[in-house]
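Subject: Structure handover

Hi,

Here is the structure I promised to pass on.

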Amino acid sequence: MSRREAPLNRVVMALSLVATATWLALPLASVAPNRIVPGTAHTATDLLGWPLALLACLPLVALMALSRRLDRVRCHLALALVLLLLMALPGWLAIASQWLVDPELPQARLGIGAAWWLSLFWLSLMLIELRSRLALVGWRAALLPVVVATAWWLQGAWLGSLALGQELDGRRGDFLEAVVDHLLLVGGAVGASLVLGALIALAMRQSPRVERLGFAVLNFLQTIPSLALFGLLLAPLAWLAARFDWLSAIGVSGIGWAPAFLALLGYSLLPMVRNTHVALSEVDPGVLEAARGMGMGRGQVFRQVRLPLALPVVIEGVRITTVQAIGLTAVAALIGAGGLGSFIFQGLGQAAMDLVLLGALPILAMALVADALLGALARRLDHRRLASPGGAP
Amino acid sequence: MIELKGVTKRFGDETAVDAISLTVKPGELCALVGTSGCGKSTTLRMINRLIEHDEGEIHIDGRPIREFDGRLLRRRIGYAIQSTGLFPHWTVARNIGLVPRLLKWPAARVRERVEELMGLLGLPVDQFADRYPAQLSGGQAQRVGVARALAADPDILLMDEPFGALDPITREGLQAELRDLQSRLRKTIVFVTHDMDEALALADRLVVMKAGHIVQQGTPLALLRAPADDFVASLLGGDDRGLKEAAITQVAERMLPLSPRLLPQARVHRDATLRQALAVMFREHADRLAVVDDEAMPIGELSLRRIVGAGRDGSGES
């Protein structure tokens, strides 16, 4: 940021205004005596009374003040405030649970209200805005979510009556198993598609006919809706399992992990093959010409030049594929493949939104973590973007 | 020594290079010039077998190049190209050490050689060794490209428009450095360019190509004075040919010893070109210049008549 007068930051200003309005107007939490009865909603003003609720808004007002002239120092201050607010978010639920939930009723539960979710959303947007204003990258940027997550984890003890926690309490074993199943399916499908995709991409480079045919098939696969693909795989797999004993012995059948794995593999192949193929083909011809001109052999050119230069784009393919597979695996629960999707569909069936959340939130977290980690890995491997100190060329 | 005898290359039905013969003597800088698609790059790349020739023979130091393994041949021949072709994922030092490492030199010797070359090309080791190509300017990257080509100390250097993508000032700087480097190293260099000024400034011998044939070859002066046909004449700059000749002739070649006459005020250095001398005359409205040495001491004089060559064979002035 330059020395001239720091301008008004409209993003932070607007977000803190909206966050204040949300906080005061929408329900912060709802409480229900048991799982069946719909809960009663409570806003922050109901819960804390107007004076306290307004007092709790003070950090947001401070953010508005800071955003009027957001220079570097104020930017750091604002970042600290937003971090503190984010870290304190579970605290409001703990207070609500203290004051609203009757300890005489063991089934009583606290639902998380719209004001809480939206505050989380607005504050996260502010965090992203401030992070890019301060140009935080690498471990400094990664530290922010870690700090927030740690603070939340430490406050977990006071949130026993949270409906989400109560849903989890009953199924701790199932939950862990579902997480493991989910990760195994995603990991297996992405791993297999990486190996198979690389082989297909290499074969495509050998002949343009294979290339046209390959992309036609993969594009076609991508257009089949996921549920239909699961259904289409049901009959042939059931037939194969009945025909070959060893297949049914390793657990292959018309439903379960086998069709889910195959469908995930099918969907993962297109992004994987496309990225690998593009990555390998788009290596600067001048670099390859020089490599050959210096007397490198074909193998040396591939291993030392083409592959390392293609790697960031290949990793980018793995990132897209992984995020996509994490989401698709949720649908695979419908055909009995297990995973976190089973909670979502159970919850939908029982109209228990907290159970849906128990499945959906970890999926969201997995997708975000995979996206961040693989994105960082791709950037780390990419030397082309290493610009001179003056900025991008 | 590089010899091409009746070399032909076809791509499908098209004949890119048609039965050309050419000899490049050791220590000579030979520039291949011509319009785009005349076959000059193809000719260059046949010498290190990046492209295989269809007919004829190419000999290096008397041995046909088909006798060598292509990779081993290329490790013995330096190669620099317009896009530099530096590996973006390797540091400058690692890029320069590529061929020595392919030749399995011990690591210490590679490091020593890399540092020597970086010194030779004006790239301070502590500043540049660990940079990546994306962190270099165009001129710096091209220096690294030349250093990489020279790394294994090859006798032969092939350069394909190495300075073509640079701005004019950087380009002239690097041309001067190459001339200086060549006067010390005496490599056998084949240099492809379509920039005629560059070819005239650098080449011991010019080879003009057109549609896969060699139209004319000889020293820059010989070609400027007697172009074989209109094509060569226009390639050499048409009516500008005279100025181009002046640009490659030094003042010292035409100056007369000091005479008892009054020395003119306007002066020119003896290492300047005739073209620069003409520019001084034009600017100073003078038709006579004093020629000075490094200490600005007058050592001779130069008249317009001498520059244009009218006074060379005794018919002199006065």
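A definition to start with: helices (H or I, at least four residues) and strands (E, at least two) are DSSP runs, numbered from the N terminus. With that in hand, residues 179-374 of chain A are 85% helix and 0% strand, and the end C-alpha atoms of that stretch lie 20 Å apart. UniProt, in an unreviewed entry, lists those residues of chain A as "domain: ABC transmembrane type-1". UniProt positions are given in the numbering used here, feature names are shortened, and annotations may be inferred rather than shown by experiment.

Some housekeeping. This is a predicted model, where local features need pLDDT of at least 70 and side-chain atom pairs count only at pLDDT 80 or more, while totals for chains, interfaces and linings use all residues. Residues are numbered from 1 along each chain as its sequence is written, chains are lettered from A and ligands numbered from 1 in the order in which they are written, and side-chain values use heavy atoms, with hydrogens and water left out.

Now the rings. Over all chains there are eight aromatic pairs (Phe, Tyr and the six-membered ring of Trp, centres within 6.5 Å; planes under 30 degrees apart are stacked, over 60 edge-to-face, the rest tilted). Phe175(A) and Phe343(A) are stacked because their planes are at 25°, with the centres 6.1 Å apart. That pair links distant parts of the chain, 168 residues apart: Phe175(A) belongs to helix α9 (residues 172-206) of chain A and Phe343(A) to helix α16 (residues 341-349) of chain A. Both Phe175(A) and Phe343(A) are buried (under 20% relative accessible area; exposed is over 50%, partly exposed in between, with a 1.4 Å probe and protein chains only).

In chain B, Phe87(B) and Trp90(B) pair edge-to-face, at 5.0 Å centre to centre and 65° between the planes. Phe87(B) has a relative accessible area of 0%, so it is buried, and Trp90(B) counts as buried at 3%. Each ring also has an arginine over its face (CZ of Arg, or NZ of Lys, within 6 Å of the ring centre and within 35 degrees of the ring normal): Arg94(B) sits 4.1 Å from the ring centre of Trp90(B), and Arg148(B) 5.6 Å from that of Phe87(B).

Back in chain A, Trp116(A), Trp117(A) and Trp152(A) make up one aromatic cluster.

Cheers
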